[in-house]
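User: I have a structure to go through with you. Can we start with the overall picture and then get to the charged side chains?

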Amino acid sequence: ASVHAMKLRIFVLPVSRQRWVFCFRQMFEKKAVSHDPLPPLSSAPALSDKVALLSKKVVRKVDTEIAEMEAADPKSFKGRLHTLGKRVLIDRQDPMETFLSRIPLSATDFELVIPNTLNDRVVRRTFRKMLVSRPALHRKMFFASSSLLPVTSTVFTLLPGPNVVLAWNAFRTFSHYKAFQGSLHLAHLAANKHRPSHWRKALTLPARELASLHVVPKVSKDPALDALAHAHRAHKPLTEEQLQALSRHLGFDPSAVDFFKRVQTYGFKS
């Protein structure tokens with residue numbers, strides 16, 4: 001599919017008795033950063049437009065830095081920094097937050113792909129609950145994290161060594177912003193609506209529209225996912241070998257296995 005008509009196949013995988021994984025192939029790919037120039041802040045007429053434009057500039061800069069670190073030699077400073085950041089920040093992140101923060105805003109449609117062990121109605125109900133609750137959660141956490149940035153950027157700089165607290169705080173702020181945008185965009189697609197202009201404004205929460213959201217996502221079943229049924233019914237998490245085989249079958253990058261492992265601690269109750 002083209003960039004202007006991207007359809008996501010979101011896989012719903014029960015990896016243990018009480019844990020589901022929501023994931024899609026593109027979230028494990030190294031994404032290309034857009035180099036199209038953004039207009040200056042002075043071109044935005046209203047304050048809300050300036051905030052939205054500033055948010056885009058910050059996200060673009062962070063995405064560029066992350067892409068450069070991912071492409072760097074693992075033995076170089078940037079490569080080591082990326083490995084350390086992944087171990088300290090990414091690997092401890094809520095998998096649902098990871099899923100939502102990587103939803104591409106260029107996506108125009110999606111479908112849920114489930115094994116035969118899951119009920120269509122239960123999947124739709126759980127998915128709607130996530131879409132209704134998550135935007136408000138990540139918006140609240142974004143404001144909470146951003147309010148601490150002045151403190152972590154001043155107080156902790158007085159201590160010797162790198163400001164790890166500031167790095168963690170900045171990462172949490174950025175991640176919650178991306179998860180808010182991703183969950184809201186997914187809600188638009190689930191409701192089969194184009195984005196109204198007032199939904200485009202940065203950090204605007206359309207609470208009334210979300211509360212009345214009627215989600216009827218397309219659901220299909222992949223027989224190959226039925227291999228998970230035995231582990232699911234036995235109430236046992238999948239082994240690393242099973243996760244690697246699953247990742248290969250779905251065409252995911254090998255890094256997906258690390259994501260699946262985190263779901264042993266976090267996730268949705270089935």
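Analyst: One term before the overall picture: a contact means heavy atoms within 4.5 Å. This is a predicted model. Among contacts in the protein chain between residues at least 6 apart in sequence, 74% join residues at least 24 apart.

User: How many helices and strands does the protein chain have?

Analyst: The protein chain has ten helices and four strands. Along the sequence they follow the pattern β-β-α-α-α-β-α-α-α-α-β-α-α-α.

User: And what percentage of the residues is buried?

Analyst: Of the 270 residues in the protein chain, 39% count as buried.

User: OK, the sheet. What's the strand order?

Analyst: The order is β2-β1-β3-β4, in an open sheet of four strands with mixed pairing. β2 (20-23) and β4 are the edge strands, each pairing on one side only. From one strand to the next, the twist averages 25°.

User: Which sense does each pairing have, parallel or antiparallel, for β1 with β2 and for β3 with β4?

Analyst: β1 and β2 run antiparallel and are joined by four bridges. β3 and β4 pair in the parallel sense, over four bridges. As bridge partners, Phe 11 has Cys 23 in β2, and Val 113 has Ser 220 in β4.

User: Which residues of β2 are buried, and on which side?

Analyst: Both faces of β2 are covered. Trp 20 and Phe 22 are buried on one side, and Val 21 and Cys 23 are buried on the other. In general, side chains in a regular strand alternate between the two faces of the sheet.

User: Now the charges. How many salt bridges are there?

Analyst: There are five salt bridges in the structure. One of them joins Arg 9 and Glu 111, with the closest N and O atoms 3.2 Å apart. Arg 9 lies in strand β1 (residues 6-14) and Glu 111 in strand β3 (residues 107-114), so this pair ties together parts that are 102 residues apart in sequence.

User: What does Arg 134 bridge to?

Analyst: Arg 134 meets Asp 94 in a salt bridge, at 3.2 Å from N to O. Asp 94 sits in the loop between α2 (77-88) and α3 (95-101), while Arg 134 is in helix α4 (residues 120-147), so the pair links parts that are 40 residues apart in sequence. Arg 134 is buried, with a relative accessible area of 13%.

User: While you're in α4, where is Phe 127 relative to Val 12?

Analyst: Phe 127 is in helix α4 and is buried, with a relative accessible area of 0%. Phe 127 and Val 12 are 115 residues apart in sequence, and their C-alpha atoms are 9.9 Å apart in space.

User: Back to charges. Which charged residue is buried yet has no salt bridge?

Analyst: Asp 222 is buried and has no salt bridge. The nearest side chain of opposite charge is Arg 9, 5.3 Å away. A salt bridge requires a side-chain nitrogen of Lys or Arg within 4 Å of a carboxyl oxygen of Asp or Glu.

User: Where is Asp 222, and what is it in contact with?

Analyst: Asp 222 lies in the loop between β4 (218-221) and α8 (228-233). Leaving aside neighbours within four places in sequence, Asp 222 is in contact with Val 113, Ile 114 and His 249.

User: Next, α9. Which residues in α9 are buried?

Analyst: Leu 243, Leu 246, Ser 247 and Leu 250 are buried in α9. Down the axis of α9, the buried residues fall within an arc of 100°, so they line one face of the helix. The face turned away from that buried side carries the exposed residues Glu 241 and Arg 248.

User: What follows α9?

Analyst: Gly 251 follows α9, and its phi is positive, near 75°.

User: Last one. What does Glu 240 bridge to?

Analyst: Glu 240 forms a salt bridge with Lys 261, the closest N and O atoms being 3.3 Å apart. Glu 240 lies in helix α9 (residues 240-250) and Lys 261 in helix α10 (residues 256-262), so the pair ties together parts that are 21 residues apart in sequence. Glu 240 is partly exposed at 38% relative accessibility, and Lys 261 is partly exposed with a relative accessible area of 34%.

Definitions and conventions. Residues numbered from 1 in each chain as written. Predicted model: local features only at pLDDT ≥ 70, side-chain atom pairs only at ≥ 80, totals over all residues. Heavy atoms only, no water. Helix = DSSP H or I, 4+ residues; strand = E, 2+ residues; numbered from the N terminus. Buried < 20%, exposed > 50% of the residue type's maximum accessible area, 1.4 Å probe, protein only. Lys, Arg positive; Asp, Glu negative; His and termini not counted. Arc of directions from axis to C-beta. Pairing = 2+ DSSP bridges. Axes fitted to C-alpha atoms, helices over the stretch in contact; angles between N-to-C directions.
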